[in-house]
Amino acid sequence: MKRLFIDRQPDCVRVAYTVDGKLREIYIDPIGNESLVGHIYVGRIQNILPGHFAFVDIGTQKNAFINLPRNHGFKNGQPILIQIYKDADRMKGPYGGQQLKLKGRNVIVRESARHEIGVSHKISDPQERSRLRGAVHPVLEKGFGAIIRTHACGQPEGDLTEEAVRLIALHRDITERAKYAMPPVLLHPKKIAALPEDLFIEMLADDLDEVWVSGMDTEDVKTTCAQFKHKLKKDILFTTDNGGTDLFDVHNINRQMTRALEKTVILPCGGHITFEQTEACVVIDVNTGAFSGGSNFRAAVLQTNAEAAAAISEHLTLRNLSGIIIVDFIDMKDKADKTILMDTLAAEIKKDRIKTEIVGMTELGLVQLTRRRTRPPLSRMLETDCPHCGGMGRLPRENVPKPQYN
C-alpha cells in the first residue's frame, strides 16, 4: 500500500510518503521559506566576480549565485533569466543557472543547441531506449533537448510526445514574458496546492494507492492529479483535524520521523550503523554489534554489510543526506564478498529518486558516494543547535582551565 500524506500546518506544509505503513520520504516546507528549486526568475546582476561567476538579486533574502559563460558580455545591473538548481543553506545563497529545465513525469525539456536526447541510465534495455528517443525526437524544436525519465519506460509514445510539446510551449511562454518583466520577479512559481510541482510529479509517478489530505483544499490536490493524468487506484481521501488529531500521529509518521534522526540504526541481524553529519561530508560506520554469526564469521560480516547497504540507501533518502558520503563497511578480505556488497549497494542506490553515484572503494575499504544536494537535510528542518555546546555535542569539563590566547 503506497500512500501520500499532505498536511498543512500554520507554519509549514508536511508531505510524507509511506509504503505498507513504513515511512520512506518526508518533506517539510516552511511557509514563507519554501524550497526555490525549479523556480524561474528574471533577476538583476549585482556583482560579477573573476572566474565568470555572478551574484543575482532575485528578490529573496540572499542573492542567487550563478556561473556565467566565458564570453558572457553581461554587466552589473543587467536583467538576467535564471532557474534555481539548489536551495540556500546557512552560508550560501541559492545556486542557479541560465539553462532552463522544465520537468514532467516522463520527460525533462531543456535548452540545448545540439538537440541532445538523454535517457535515464536506469532504463537498460537498448530497444526501449531507442523507442523512447524516437517518440520524443520528432516534436523537439530547434534549440531544445530532452532527458527521458525512468518513469517513461513502457509508457505510450503519445504520452511522451504530448508532454514534450506542453513543456516546450511552457518554455516559450516563460521566455516571452521575461522580455517585458521588471526584475526581480518570479516568472514560474512551480507551486500547486501549496506544494512544489516537482514533488507532485515525483510522487504521483509511483502509482499511489491513496492520498490523504489535511488542512487544505482537496480540490486543489485533485486538480493537480488530473493535470498530470495520474489515475489513482482509489479515491483521494480527505481527513480533517477532528478534536486536535494530528494526521501524522494517527498514521505513526511523527514517531518514525523522530527515529529517523537517531544517530544509530539497528539492523535486522543485530548489527548497527552510525551516522555522523559534518559540514564537509557524511560519515557512516557499520558494525556487527551483537551479531556474531556463530562459527562462520565471514558470512556474518557479509550479511551485516548487505543489510547495512539496504539501510544506508533507505536512510539517505529518508534523512535527505547529500554531498560527499563515506561509508566504513566491516572489512572483508575476499574479493567475491566485496563484489557482492558493491552490487547490493548499487541495486539499492538505484531506488533513490535523487541522483546518487558510487565513486568506488578506497584501499582502506571506505566506500565513497555522492548524492545531489537539492534540499536541506531532515535534521536541519526538525532540529536546532544546542545553545550550550553550539552543536559540537560536547561540553567543557568542570574545573578544567580554559586555554589562554595572547
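## Salt bridges across the chain

A salt bridge is counted here when a side-chain nitrogen of Lys or Arg lies within 4 Å of a carboxyl oxygen of Asp or Glu. In this structure, which is a predicted model, the count by that rule comes to 20 salt bridges. One of them joins the side chains of Asp-246 and Arg-14, with 3.0 Å from N to O. Asp-246 is placed in the loop between β17 (237-238) and α5 (247-250), while Arg-14 belongs to strand β2 (residues 12-19), so this pair ties together parts of the chain that are 232 residues apart in sequence. Arg-14 counts as buried, at 10% relative accessibility, and a network of salt bridges links Asp-7, Arg-14 and Asp-246.

Another salt bridge is formed by the side chains of Glu-141 and Arg-172, at 2.6 Å from N to O. Here too the pair links distant parts of the chain, since Glu-141 sits in the loop between α1 and β12 (144-148) and Arg-172 in helix α2, 31 residues apart. Glu-141 is partly exposed, with a relative accessible area of 35%, and Arg-172 likewise counts as partly exposed, at 41% relative accessibility.

A further salt bridge brings together the side chains of Arg-298 and Asp-337, at 2.7 Å from N to O. This pair connects two helices, with Arg-298 in helix α7 (residues 297-319) and Asp-337 in helix α8 (residues 335-349), 39 residues apart. Asp-337 counts as buried, at 5% relative accessibility.

## Helix α2 and its buried side

The buried residues of α2 are Leu-160, Glu-163, Ala-164, Leu-167, Ile-168, His-171, Ile-174 and Ala-178. Because these residues cover an arc of only 135° around the axis, they lie on the same side of α2.

When residues up to four places away in sequence are not counted, Glu-128 touches Ile-123, Ala-152, Cys-153 and Gly-154.

Leaving aside neighbours within four places in sequence, Ser-112 is in contact with Gly-143, Phe-144 and Gly-145.

## Cysteines without disulfides

A disulfide is a covalent bond between the sulfur atoms of two cysteines. With a cut-off of 2.5 Å between the sulfur atoms, the count of disulfides in this model comes to zero. Cys-389 is accordingly in no disulfide, and the nearest cysteine sulfur, that of Cys-386, is 3.8 Å away. Cys-389 counts as buried, at 13% relative accessibility, and Cys-12 is buried as well, with a relative accessible area of 10%.

Note on methods
Residues numbered from 1 in each chain as written. Predicted model: local features only at pLDDT ≥ 70, side-chain atom pairs only at ≥ 80, totals over all residues. Heavy atoms only, no water. Contact = heavy atoms within 4.5 Å. Buried < 20%, exposed > 50% of the residue type's maximum accessible area, 1.4 Å probe, protein only. Helix = DSSP H or I, 4+ residues; strand = E, 2+ residues; numbered from the N terminus. Arc of directions from axis to C-beta.
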